Structures are given as C-alpha cells and as structure tokens.
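Keep the 3D view open while you read.

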Amino acid sequence: MIKRAVDILVALLALSLTWPLWLLVAALIKLESPGPVFFTQRRMGRNVRPFSIYKFRTMVEDAETRGGLITIGQDSRVTKIGAVLRRTKIDELPQLWNILIGDMSLVGPRPEVPRYVDMFADAYADILTVRPGLTDLASLKYIDEATVLAASDSPDEEYVTVILPEKIKLARFYVRHASTILDLAIVAQTVLCLLKIPLVVCDLPDLQVTRPAQASDFGPRLVALVLKWRRPLIVLLEVALMVLANYLAFWLRFDGKIPEAEWGTFLLVLPWLVMIRTAAFFMFRLNEGLWRYTSLWDVRNIIVGVMSSTVVLYAWTRWVMEVTGYPRSIFIIDAMLLIGFVAGVRLPRRMLREAVIYRPRKTVLIIGAGDRGERIVREMKLNPTSRYQPIGFIDDHASLRYKRIHGVKVLGPREDLGPILSAERPDEVVLALPHVTPDVLRQIMSAIGPFKVSVKMLPSMQDLLGDRSVVSQIRSVAVEDLLARAPVHLKTDAMVEMVAGRRVLITGAGGSIGSELSRQIAAMRPECVVLYERHENSLYTIAKELEDQGLASLIHPVLGDVTDRRRLMETMTRYRPAIVFHAAAHKHVPLVELNPSEALKNNCLGTRIAAETADRCGVERFVLISTDKAVNPSSVMGATKRAAELIVQAMADRSTTRFLTVRFGNVLGSNGSVLLRFQEQIRAGGPVTVTHPDIRRFFMLIPEAVHLVLQAATLGEQGATYVLDMGEQIKVLDLARNLIRLSGFVPGREIPIRFVGLRPGEKLYEELVGTDEIAERSSLGKILRIRRLGEADVSRVAGMMMAMEAAAYLNNATKAIERLRELVPDFRQPDKVDEVSVLGTEWVEEEPAYSVPQQ
C-alpha cells in the first residue's frame, strides 16, 4: 500500500511538472513525421495480465512492418527527434500514466512483450507477482541496449540467449529482495546514469553497466580533463576559498557593511595573504592528496597549514607592512572560515565515495560478544565495501544481555539460539568465542541444524594474524573441529633426533597414512626415505610431491609387494634402513569380507615377511600400524590385523630389533573414509547413507595418526602396543548431519539420510582396549600403553601362520578363516542388531516452532 501511494504521488507530481515538456515533444514529433504522438504496445503485467504501455513515438509510423521487435544500433526506423528522446529516455515519460492507473510502478521488472514472456513462462510466473516498473536493475545494466545489440552478429539470438536471461536473473533478484531502500537506490542510480555521472549508489556484483563507450559521452571526457589539470584546478580553488574566507571575515566583523577605509585595507593585504597561504599549503602538500581518501590526518594538516600561515600573515602585516589598522579579530574569523572551507570541499568526495544506498549484505549473527566479537563488528561497520551486516550477538554473560556493542544488540544466551535464529533468520553464524571446544561446537551445530545457515569461525588466538583483517580470517567450520576432543599435535625433539641422519623405509607409502608419514619424516632431515609401494600411481604421486618440495635427493621410490620376500630383502639389503614403518595393509572391511584370502596374504603374511626381513637386516625399530578393529575383532580385516599384532609380539620375544605396535581409530579423509563417501553423496544431492543410527566410531585426523606413530616410535619399548587417548566415540549419524550442514544444506530436508543396515563384519561401536588388556599412561600425556592382564602365548603363532597361509594361497577361504579363528580366539561375528525398525530415510518436514524470548 505504501509503495502504491508513493507511485501515485510521484506520478501526479511528475505529470504536473513535465506537462510543458509533453506539449513540446508532441509538437516536434508531429512536425517531423506523420502519425500519432504516442506509441502503444501490448506488454505483460502483474499476474501475467496484458496491458497497453505508452511511450512517445520515436519511429516512423509503420515501423513494426519494417523490422523486428527489438531496436538495433542506428536503426533506420528511428526518427531524428526519436533518437534524442531515446538517448535522454524522455520517450518513457508517458509511462507515468501507466503508473497512475496502476499498470506499472516506479520501480519493478521492466515489462516484456508476450512472445518473450511465453519463452520463459516459468521464470515470469515468479517475476510478475509484482507490478512491472519504469526502471529496474536490467534498465541500469543495459541502459543502451540498442548499441549493445548492434555489436552482435545475430541481435535476435543475442537478446534471447544472453540479454533476456540476464534481465530475468536481475528481475528475480529484485523480487526476492524488494525493499524501499532498493527502490530508492535504483531510482538514484538511474538518474546518475542518465546524467553520465560515474557514481555508484546501487552496488551489486552483477550490475556492471553494459554499454560501449561513445565519443559523444560528455561525462568521461570531463572527468579526464579534470584529472589532467587536477593540481592547478585545486590551487585555483584554494586561492578562491582564501579570498572568499577573508572577505567574509571582514563582512562578518562589520555586520555586513564594510567601511571604505577597511575595504582599502582588505585590498592592500589580500595579495600577500594569498601568497603566504599558498606557500603554506604547498609546504604541507595540501593540494596533493586524493580527496576520496580524506581523513583526520588531512584535517590536521589543514589546521596546521592555516594556523601557521595566519601567524606569518599577522607578523607580516604588523612589522613588515606596518598596517596597524588591520583588525585582530579578522585573523581568527578568517582562519576558522578557511579551515571549514578547505576541509568542507574535500569531505563531499569522501562522502560520495561511501554513499552507497544499497549493497546486498549477508546478515551475520555473532556468537561471542567479547573482544573478538567486538573487533569483527567494528571492521564490518567501518569497511565501506563490507558485504556483511551484523544483526546481533549471542553471549552467555548475563551482564551483557540486551546491551549494544557498536549499535549491535546482544540478543541472548546460547540456550536461546534456536528461537533467535527463527526470529532473525541470519545468512551466517560466526563463532567469535576465545576457546571453542568440540563439545560446544557440536551443541551449536545441533541448535543450528534445522536452519539453512552457514557456520564460520575465527582461528584460535595463537593462529589469529594480528596484522590482517579479522573478517578476512573468518573460515568455514571444518569436520576436524567437531572431533570429540581437541586435535592432538605431538611434536618433540625426540622425533627429530630419532629420524635425523637415519635411513627410513615405509611400506604402503602411497596410502593415506604412508604418504603422510613420508611427508613428515622427509621434513625431519633423514639421510634417505625409501618409499615401498606396490601401486605405481600412488607411489608416483607421493614421490613427485616430495621431489617438487626439493627433497628429490632423499627420496627413493621402490615398486614392490610386502609379500614378495626376495624383493623386500633386496630393498632392505640395499638401503639398510634403521627404522621401518609398516603401513601396508588391506583395510576396507566389506571388501576384505568378500576376499578373505587376499587379506590374509597381505595383512598377515606381509607383516610376517616384513618383520622377519627387518630382523635379518638389523633394523633398529619396526613399527606396525594397527587399528581399533583389531580389538575383539568381528571382521576378517580386524582379525588379520590382530594376527599381525601377534606376529610382531612373537618377533619381539626373539629379536634385537625393537618391535612395537600403534593402534588408532578411523582416519578422517583417508582413502575409502566415510567422510569422502559422505561428501560424494552430498555433491550428488543425496541421500547420505548411514548403516545404523546408533553406530559410533573413534575418529582422528591423518596428521594426528602420523604424530602418534612417530611419537610411539621414540618410546620404542620392545613389544609394546600404544594407542592415542581419543576421548569419546562420535556417532556416525552426527558426523553425517554436521557434514551436510557444513556443506550449506539442511539435513533431512534438503539432503536426506538413509539407513542401510550394518555391513558384514561391522559392529555398532569399536574398542581400543581388549577384554584382557588395560590402558596405562605412558611418559607422553596423550599416548596410552596397552598392557595385557596375562602373558600372551605367542609360541604357537609361527605354526598357525604357516597353516593359515597355506590355506590362503590355495584360495581355501573357509579353511583359512578357521585357522584365523584358532590364532585369534576373540574373532567372532558381531551381535545381531534389530535393523528392521531403523532401515529407511530420515526426513525433517518442518522447522521447529520457537517462541521468541521476551526482552
């Protein structure tokens, strides 16, 4: 209603002011060519209803029979007076009548002919929910559409395939973001474009005016001329301001009537005043600065320049010119006026630079009203190009509740986050808390869950770069931020001392863990790193990566299989490694269940061959990389890794090489990781598949796993098994939901989650410590040492392994698994879980209804 009332008032006012122009234009049209004064055409209006649009006729009478619907360049159908009307947009004035009778509005999507509306019927069904307008965003972008089309080889095709889709895009933006401020900005920008004034008050990334430069453009030529003679013009302006300030000082001093004698004094001193002040302005470089960057520093220089020149002028008139009748008050009034004038002429340029009426901004809700939150808001408010609009704080401190920081209100505590999100509808939530623990972050993510809002956070205090904009350092929340504990980064000098100057061999060097081991070890100045891998592509990738880092002299890539005893012996004999990290293994539970013999060969036989070869070649340390699935195993993969642990323990009893084992949980981002699978499914639009809503896993980062391996190697206790203190297990369902949220979607609404049932060999939760084991603190805080409650009988390992390996090589999977169960008595199928009630898809139909907290 308000917009319609404004339309009527503006149309009536414009009609009453422009009627003489209407008469003049009508006379000129009739004098130049026969035909009516007005041109009418059928256009599609609000709710896709046709109406007749009015314009001053700018073409010959039978123009439609001589050409198409669009006008191209120097169209021969356009009359001379019509060209002027089109260039100045005066031909659109009759549409004020359309506005008055309700067919159109001052601002709205430009109406199109039925032919083009039918081509894009679905788009215009949304666009024409509002009245079409006299001007809009597309009118600004294509302010000289005919000239743009003239540059195309096929104007009709260019209009339909390029220009019209862009107009539709801008029209949809207007419909979604329609507001009084946007309307005002479009009207102001239209006036500026018509006047050829290069000032932006409607700042949209897509609103770059598409119009070829023309030699007749007066605005750009004037700007170029001013820039060429900028400094002389500034000096002339400042001299004029000096004269004006001095005259006004006399005029004010004598109440508007300057006596004749004082007028003579004014004229006598004026040349000297101009010379002294001009010299001072040159000394303080007041005519060199860019006015659009005027600041308090410039105002300070203006004050110092004016005051210093005033002191010199006073001394010159008193003691050199001996003009004793020059009023002292003139010096003070003149100085004050001149400071105001010189600063005043600079400020409008600065104000115009920042005078953007409309700029689309992301609304931001900031969690944390402390120093970090205050700094974010201050930057967003002070930066004129910022595309962020802070709308509120969330903070648990009662003393801050409902207070304002830089005009932004503290809306409530974290417990009210859901209702506040429902009421405020921000585009982003930024975490500005000094210490964000994973528990707190997961609580926040859970509250944000039903809303389509992205979550960002600041780096930690130690990572925050003090010399950079805080806003520029805001980053998206990463999955690792949601781990059940703070990520563990263990790095001591002992790791460097262990590796520096030594030879290291890594089996499975092309895998996720093996490649990260290769990176970190290569950075610790070893004598050489032998990359032992049977997959050539993986080996090539990690070798080239390290070579590109300037480490080619350290890296020795070797193609080989850990089950090939001769190849492995040849490699260790040649390079004589002091440390072996055994990371080669088959790890994918479902594939291993389908191919048990291959897992037995690689995980068991491969470990035995690698351990025995290391023993024979005099390796100092041998580190087996194991998994939490080796504890009370329910899958073939877990059982083979448990068998590998027993092999290493058996070797430790009879070897001078120090054998040890490191266990850890699921590694985020590794090959075959559930994280990568979820990301692929989200990119495909879902559904995201989870085996069971209650399934839980330990998760860690690849760098964490490698830190643990290296740290455990420094401890090097013979036959020891180490594990990372990984905190609580994370529900895979929560990981899926959070990953969907971090991808910008609402879980269960935009991306469904489907429960598909446990896979063969899979159990609901994993364990890091077996039933016959206990975890003890080691000398390193986050690493636990596993101690068995009874002595492990490893004497039978060699005999059992031979029988199991023989069955595996004969591809007798049933026999091989029987032998594996004998070797690993804890190996059993997982308990049955009732899956019928959980199979299906998780959907969220509606956002929760919240009541906004009373303030």
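Which residue takes a positive phi in the hairpin of strand 1 and strand 2? Asn47 does, with a phi near 60 degrees, and the hairpin has five residues between its strands. Keep in mind as you look around that this is a predicted model.

## The hairpin

Strand 1 covers residues 38-44 and strand 2 covers residues 50-56, and the two pair in the antiparallel sense over seven bridges. If you want one spot to check on screen, find Gln41, which stands opposite Ile53 in strand 2.

## The big picture

Now zoom out. The protein has 855 residues, and 49% of them count as buried. Its secondary structure comes to 30 helices and 27 strands.

Take the contacts between residues at least 6 apart in sequence: 76% of these join residues at least 24 apart.

## A strand covered on both faces

Next, look for strand 15, residues 579-582. Are its residues buried or exposed? Ile579 and Phe581 sit on one side, Val580 and His582 on the other, and all of them are buried, so both faces of the strand are covered (buried here means under 20% relative accessible area).

Strand 15 also has pairing partners. Strand 12 (residues 503-507) runs parallel to strand 15, and four bridges join them. Strand 16 (residues 621-627) pairs with strand 15 in the parallel sense too, again over four bridges. Ile579 is a handy landmark here: it is the bridge partner of Val504, and its own bridge partner in strand 16 is Arg621.

## Helix 10 and what covers it

Helix 10 is made of residues 180-194, which is 15 residues. From its first C-alpha to its last it reaches 21 Å, close to the 21 Å expected at 1.5 Å a residue.

Which residues of helix 10 are buried? Among them are Leu182, Ala185, Ile186, Gln189 and Leu192. The cover over the buried residues of this helix includes helix 1 (2-32), helix 7 (137-141) and helix 9 (155-177), along with strand 3 (105-107) and strand 4 (133-135).

## Salt bridges along helices

Side chains of opposite charge can pair when their charged atoms come close. A search of the whole structure turns up 27 salt bridges, and Lys55, Glu92 and Arg110 are linked in a network of them.

Now try helix 25, residues 636-654, where you'll find Arg642. Arg642 forms a salt bridge with Glu645, and the closest N and O atoms are 2.8 Å apart. Why are these two about one helical turn apart? Because they are three residues apart in helix 25. Leaving aside neighbours within four places in sequence, Arg642 is in contact with several residues, including Ala630, Glu773 and Val824.

Two other pairs are worth a click. In helix 20 (residues 512-522), Arg519 and Glu516 are three residues apart, so about one helical turn separates them. They form a salt bridge with the closest N and O atoms 3.0 Å apart. Arg519 is partly exposed at 27% relative accessibility, whereas Glu516 is buried at 14%. In helix 30 (residues 813-823), Arg819 and Glu822 are also three residues apart, about one turn of the helix. Their side chains meet in a salt bridge of 3.1 Å, N to O, and Glu822 is partly exposed at 40%.

## A nonpolar patch on the surface

Last stop: the surface. Leu244, Tyr247, Trp251, Leu252, Trp263 and Leu267 form a nonpolar patch there, with about 540 Å² of accessible area together. Helix 12 (230-253) and helix 13 (260-283) are the elements that give two or more residues to this patch.

Which helix gives the most to the nonpolar patch? Helix 12 does, with four residues. Leu252 has its place in helix 12, and with a relative accessible area of 42% this leucine is partly exposed.

Methods. Residues numbered from 1 in each chain as written. Predicted model: local features only at pLDDT ≥ 70, side-chain atom pairs only at ≥ 80, totals over all residues. Heavy atoms only, no water. Buried < 20%, exposed > 50% of the residue type's maximum accessible area, 1.4 Å probe, protein only. Pairing = 2+ DSSP bridges. Expected span 1.5 Å × (residues − 1). Contact = heavy atoms within 4.5 Å. Patch = residues over 30% accessible without salt bridge, like charges linked within 9 Å, V, L, I, M, F, W, Y side chains within 5 Å. Areas by Shrake-Rupley, 256 points an atom, 1.4 Å probe, with all protein chains shown as cover. Salt bridge = Lys/Arg side-chain N within 4 Å of Asp/Glu carboxyl O.
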